[in-house]
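Please read the numbered points alongside the sequence and the model.

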Amino acid sequence: MSLEREEPTHFGAGPAQLPTHVLQQAALDLINYKDIGLGIGEISHRSKDATQVIEDSKTHLKELLDIPDTHEVFFMQGGGTTGFSSLATNLETAYVGKTGKLGKCGYLVTGSWSEKAFEEAERLRLPAEKVFDSRDYDADHKFGSIPQESQWVDNVKDEYAYVYLCENETVHGVEWPQLPECIVDNPNIELVADLSSNILSRKIDVSKYGVIMAGAQKNIGLAGLTLYIIKKTILADIMNAKQATLDELNVPVTPIAFDYPTVVKNNSAYNTIPIFTLHIMNLVFNHLKAKGGIEQQEIENEMKAKSLYEALDSCSNFYNLPVKKDVRSKMNVVFTLKDSSLDDKFLKDASAMKLTGLKGHRSVGGFRASIYNALTVDSVTKLSKFVRDFAEANK
């Protein structure tokens with residue numbers, strides 16, 4: 001079977017399309033890695049070759065994001081849902097280690113994923129609360145906007161162990177255009193952010209974050225692995241927490257495989273890291289570096305989002321765009337047809353043009369074009385033309 005393929009134009013939200021040449025190299029390495037006679041997935045996770053993959057991945061990520069020495073990088077099995085629980089217990093433990101007290105867990109709820117993260121903290125019986133729920137600021141009580149900081153800043157409390165946000169909500173197509181200053185500028189609060197769907201899509205200042213979590217399967221790799229970037233002081237605070245105090249405060253015990261200091265101490269290999277999945281992630285890092293880094297990728301992403309949103313906005317009598325313009329996602333463009341009887345035809349005609357993966361999330365319906373890093377400008381331009389042509393042909 002050939003490793004060649006026609007370049008896809010797949011707009012699925014995740015698992016998502018990856019660069020073809022990355023997958024071709026990964027396929028070869030799965031059979032015989034560096035001519036050692038074994039595939040990358042067959043070697044010991046603590047072997048010299050596997051350790052080199054881990055170290056190279058960390059180095060390349062640090063270079064791409066310009067990660068300061070104040071932060072540590074590690075990789076952990078699982079995805080965002082695993083992160084919801086591990087972030088909550090590790091950050092609460094860190095707060096106890098730092099203050100000797102129980103801290104509240106604050107959540108900025110702007111879509112289904114930040115809501116799920118909040119619900120998980122509640123399920124773990126941690127003192128979780130919503131700093132705000134963006135639906136409370138919407139006339140129809142729907143996700144699709146982010147309230148102005150001045151509207152909720154008074155809800156922020158210094159006794160928060162952390163404040164959590166999802167930078168890009170894939171289901172509802174909402175993306176934070178910038179971080180909330182009242183959290184970033186508060187030295188008593190750690191900002192914890194889920195960047196699973198927009199990691200490496202634009203430049204960020206890592207120093208402003210306490211923890212960054214990013215599942216691989218949307219923008220940088222395959223499902224089953226998540227990267228973390230964490231302040232070293234938080235790791236120290238976790239280790240300083242006394243078990244007797246944690247027991248007294250009823251803080252849930254973090255499973256050992258998800259205990260951040262343990263994972264870091266063992267160089268992400270305390271248990272068997274999916275090294276093939278990490279290898280693909282590292283190939284993506286190298287791909288980004290070769291094309292000019294995040295600066296170049298951000299330029300392309302701006303072009304793609306501009307092209308598609310302009311096409312949809314130009315046909316406002318045909319398409320609905322439910323997200324406020326100032327918080328529209330540059331990764332996940334959501335829209336509906338004013339005449340829903342044309343929904344099936346839209347998907348069928350798009351598929352005939354080899355434009356796939358456009359069906360919206362089951363919880364909201366409609367359509368969603370996920371224009372992650374691997375989607376080229378030409379691919380999105382093709383979709384933008386289809387959007388205009390379909391509206392003209394079916395008006």
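1. The axes of H3 and helix H6 (residues 232-240) come within 7 Å and cross at roughly 75°. Axes here are lines fitted to C-alpha atoms, for helices over the stretch in contact, and angles run from 0 to 180 degrees between N-to-C directions. H3 and H6 are therefore roughly perpendicular to each other, the term for angles of 65 to 115 degrees. On the H3 side, Asn90, Leu91, Thr93, Ala94, Gly97 and Lys98 meet Ile234, Asp237, Ile238 and Asn240 of H6; contact means heavy atoms within 4.5 Å.

2. A word on the basis of these values. This is a predicted model, in which local features need pLDDT of at least 70 and side-chain atom pairs count only at pLDDT 80 or more, while totals for chains, interfaces and linings use all residues. Residues are numbered from 1 along each chain as its sequence is written, and side-chain values use heavy atoms, with hydrogens and water left out. Helices (H or I, at least four residues) and strands (E, at least two) are DSSP runs, numbered from the N terminus.

3. Seven strands form an open sheet with mixed pairing, in the order S2-S10-S9-S8-S5-S3-S4; two strands pair if DSSP finds at least two bridges between them. Strand S2 (71-77) and strand S4 (128-133) stand at the edges with a single partner strand each, so one side of each is left without a neighbour in the sheet. On average, neighbouring strands of this sheet are turned by 20° against each other, direction ignored.

4. Within the sheet, strand S3 (residues 104-109) pairs with strand S5 (residues 160-166) in the parallel sense, over four bridges. Tyr107 has Tyr164 in S5 as its bridge partner. Helix H3 (residues 80-99) packs on the sheet and touches S2, S3, S5, strand S8 (191-194), strand S9 (211-215) and strand S10 (225-231). The direction of H3 makes about 160° with that of S5. Helix H9 (residues 275-290) also packs on the sheet, touching S2 and S10, and its direction makes about 65° with that of S10.

5. Which residues does His60 touch, not counting residues up to four places away in sequence? They are Asn282, Phe285, Asn286 and Lys289. His60 lies in helix H2 (residues 48-65) and is buried, with a relative accessible area of 15%. Buried means under 20% relative accessible area, exposed over 50% and partly exposed in between (1.4 Å probe, protein chains only).

6. In H1, the buried residues are Thr20, Val22, Gln24, Ala26 and Asp29, and what covers them includes H9.

7. How many disulfides does a search of the whole structure find? The search finds zero, a disulfide being a pair of cysteine sulfur atoms within 2.5 Å. For Cys166, the nearest cysteine sulfur, that of Cys105, is 17 Å away; Cys166 is buried, with a relative accessible area of 2%. Cys182 is likewise in no disulfide, and its nearest cysteine sulfur, that of Cys105, is 17 Å away. Cys182 is buried at 16% relative accessible area.

8. Some backbone details deserve attention. Gly14 and Pro15 are joined by a cis peptide bond, with omega about 0°, and Pro15 lies in the loop between strand S1 (9-10) and H1. His141, in the loop between S4 and S5, has a positive phi near 55° and is partly exposed, with a relative accessible area of 44%. Ser268 has a positive phi near 65° and is buried, at 5% relative accessible area.

Definitions and conventions. Parallel < 35°, antiparallel > 145°, perpendicular 65-115°, else oblique.
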